[in-house]
Amino acid sequence: MNVNLDQGQQAIKEADVLATKIGGENACKFQSNLKRAKQRKTAGQTQLILVSALRTATFSTTDELLKIVEALRKGDKVKTEAIVESIRTFHEGIIDEKVEAEARPILKAVVSRYLSDFSKLLLEIENSEGLKRLQNLGIDWIYTDLTGAHHSLTGFGEDLCQGLYQAYFAHHGLDSSNINKERMTKRVYPEGPAEAFGNKRETLERVRGVLKQTVGEVLKTPAPIELDSGHLPFVAGKRGYTDAGTAEEARAADAHGRRTLIDEQKGTRIRTGDKIPGSKGVEMMSRRLAAEFTGARGAAAKVLQSDVMSILKGTKVDIVVGDPDKPEEGTTYIPWHAGLEVDELEIVQPRATKSVLRIEGNMANRKGVLAAITSLLKNDNIDQTISTRDTVTLTLDNTLKDEEPEEIEACLRLRLEDDSFTVQKQDELGMVFCLGGSQREHPTSSASGKVLMSNRVAQPPFAATVLENSAEGVPIPYALTIEGPMSDSPGVLAVITAVLRDYNIDQTFSSETTWTVTLDEHIQTADISRLRDALYEAFGNGWTFESRTDLKIVAQTENFNEHPLWKLLEANGISVNYMHALPDRGVTVMMVPQNQLFEAEVILHNHFHGTPASA
């Protein structure tokens with residue numbers, strides 16, 4: 001079949017280095033992945049392939065490994081052994097189904113060898129005081145044996161998959177190199193894993209130093225294949241670490257001046273709606289919008305793990321998203337240099353929220369309110385804070401227990417020496433994200449701008465559209481944009497608000513890599529320095545700060561329900577609870593009942609694309 005290549009497919013052909021994550025269900029496709037690797041080697045391209053643990057719709061190796069950790073900690077040896085056997089049965093079943101007959105004995109031997117070594121490791125932990133040397137570093141569980149070597153239980157699935165692919169490629173005449181995990185671990189954790197996670201900034205620099213050196217050696221070989229476990233030391237602190245590992249290796253290749261591209265192999269390219277009939281493929285988008293689209297605080301579209309865009313900042317690495325086995329369906333191309341002009345289509349995606357907290361009381365003109373709230377929630381991922389004169393609403397990435405709101409209320413009253421606050425948990429709410437296109441335009445003037453919410457610049461509460469350098473409007477006294485590696489990092493907002501507790505904080509808006517904070521007064525240079533030091537200490541380097549004094553409110557309404565998109569949803573029977581918008585980032589967010597998420601998505605999608613609004 002002849003297929004005309006789109007821009008993304010053409011970029012793949014022209015790249016010097018292809019960094020590819022083979023993950024989950026795609027990792028089960030041994031034959032098609034082999035065929036593609038052969039073609040790219042013949043074309044003279046360097047391949048950096050990172051594999052994640054095998055997974056299907058009914059079985060996740062990583063989830064089973066986390067269950068093993070739980071069983072180990074409870075001393076349940078029977079369950080531990082049963083899970084190991086289930087992993088064996090699953091992998092052998094995939095081999096029988098997906099691999100040609102002559103290669104099956106070879107791969108099954110790999111499974112047996114790896115599981116035998118893994119079982120010995122588990123036995124060592126069970127029969128000694130090994131549990132005391134088992135450390136939890138984010139999602140990663142690391143056991144340090146008596147020799148000082150570090151073994152990740154979470155990452156065993158990636159290591160096993162790597163062993164299978166190395167054996168399968170070798171069987172078909174494809175040699176591959178790989179990172180020496182033990183040597184890398186020793187360099188990344190010279191004082192031990194816990195110490196490394198306490199000094200994230202220095203640890204990340206060590207990781208990148210190792211990768212730059214390793215990839216540099218790989219690049220000296222004609223058309224090499226570097227086949228690595230997607231579990232890299234330190235990088236694997238949270239789910240989606242194979243995406244982050246792929247981005248880090250791509251970053252290392254870019255540092256050597258090679259034209260590098262991440263080939264993100266997904267079942268489909270990015271589309272304007274989630275499973276909506278008539279949704280359109282997005283041919284090209286900018287990194288900036290992709291960060292909103294993929295981030296933990298964005299549409300959770302399951303395209304790229306949210307760290308990727310921040311890892312690639314400052315590089316010339318492109319990204320292509322699509323199904324390599326179906327080139328006729330096209331790709332979404334995310335070039336490193338693209339501006340907002342390529343975001344020609346609206347993208348509408350729904351996301352359920354785990355918890356919504358609504359705090360009511362005398363919020364206006366009180367310093368330290370948000371600092372007190374976020375310090376109580378520092379172990380939770382806070383998506384957004386939306387405040388009015390009398391309320392603060394927070395969305396969280398995790399589910400709060402029924403008793404927690406009452407505990408938060410009691411602590412908040414104690415800290416603020418005020419008993420007028422009430423804290424309510426609102427369940428069954430979700431968010432609908434509208435990204436790109438006309439979201440960057442003011443609804444009446446069509447001027448490109450930014451929407452923020454504030455409650456102290458003018459009364460009563462309102463939705464405010466803010467333009468840069470506008471000749472009209474009410475000035476915002478001060479705004480601060482903070483950018484850094486914050487996705488999936490609980491406590492980021494707690495650090496920000498703690499340092500800025502002596503200022504009146506109006507609003508905070510988060511994306512995958514940024515927080516925008518509006519204040520009632522100019523922030524002192526010394527406080528920005530304190531904030532930078534606090535964020536570096538807690539979360540590592542890579543933070544930038546942009547102070548803004550040129551933003552003005554140019555339109556306001558007494559109620560959010562004056563917004564045309566709010567009216568559209570309400571007219572179609574959707575209950576809208578809250579909304580906010582940041583048009584210069586191409587983002588509008590509305591909060592609706594979870595059982596109406598898909599219906600709201602269809603209505604908004606059809607609205608943007610000129611189709612009658614119906615589900």
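Buried residues, meaning those under 20% relative accessible area with a 1.4 Å probe and protein chains only, make up 58% of the 615 residues in this chain. This is a predicted model, in which local features need pLDDT of at least 70 and side-chain atom pairs count only at pLDDT 80 or more, while totals for chains, interfaces and linings use all residues. Residues are numbered from 1 along each chain as its sequence is written, and side-chain values use heavy atoms, with hydrogens and water left out.

**Overall build**

- The chain holds 18 helices and 25 strands, taken as DSSP runs (H or I of at least four residues for helices, E of at least two for strands) and numbered from the N terminus.
- With contact defined as heavy atoms within 4.5 Å, 75% of the contacts between residues at least 6 apart in sequence join residues at least 24 apart.

**Nonpolar cores**

- A nonpolar core here is a set of buried Ala, Val, Leu, Ile, Met, Phe, Trp, Tyr and Cys residues joined through side-chain atoms within 4.5 Å.
- The largest such core has 56 residues, and M184, I262, I270, M285 and I319 touch the most other members.
- Helix α9 (residues 200–218) gives this core its largest share, 6 residues.
- Another core, of 45 residues, lies apart from it and includes I87, I94, V111 and W141.
- Setting aside residues up to four places away in sequence, I262 touches A19, T246, A247, A250, L312, V317, D318, I319 and V320.

**R269, a buried charge**

- You will find R269 in the loop between β7 (260–265) and α11 (287–294).
- R269 is buried but has no salt bridge, and the nearest side chain of opposite charge, E283, is 4.7 Å away; Lys and Arg count as positive and Asp and Glu as negative, with His and the chain ends not counted.
- A polar atom of the R269 side chain lies 3.2 Å from the backbone oxygen of E329.
- Beyond its neighbours within four places in sequence, R269 is in contact with G281, V282, E283, V321, G322, E329, G330, T331 and T332.

**Salt bridges**

- Side chains of opposite charge can pair when their charged atoms come close.
- Requiring a side-chain nitrogen of Lys or Arg within 4 Å of a carboxyl oxygen of Asp or Glu, the count comes to 20 salt bridges.
- K108 and D96 meet in one of them, at 2.8 Å from N to O.
- That pair links distant parts of the chain, with K108 in helix α5 (residues 104–126) and D96 in helix α4 (residues 77–98), 12 residues apart.
- E97 pairs with K98, their closest N and O atoms being 3.9 Å apart; E97 is exposed at 58%, where exposed means over 50%, and K98 is partly exposed at 33%.
- E546 and R548 form a salt bridge with closest N and O atoms 3.8 Å apart; E546 is partly exposed at 43%, whereas R548 is buried at 9%.

**T481 and its surroundings**

- T481 sits in strand β19 (residues 478–483) and counts as buried at 15% relative accessibility.
- Leaving aside neighbours within four places in sequence, T481 is in contact with W515, T516, T544, F545 and E546.

Definitions and conventions. A polar contact is a pair of N or O atoms within 3.5 Å; within protein, one must be able to donate a hydrogen and the other to accept it, and residues adjacent in sequence count only if both atoms are side-chain atoms.
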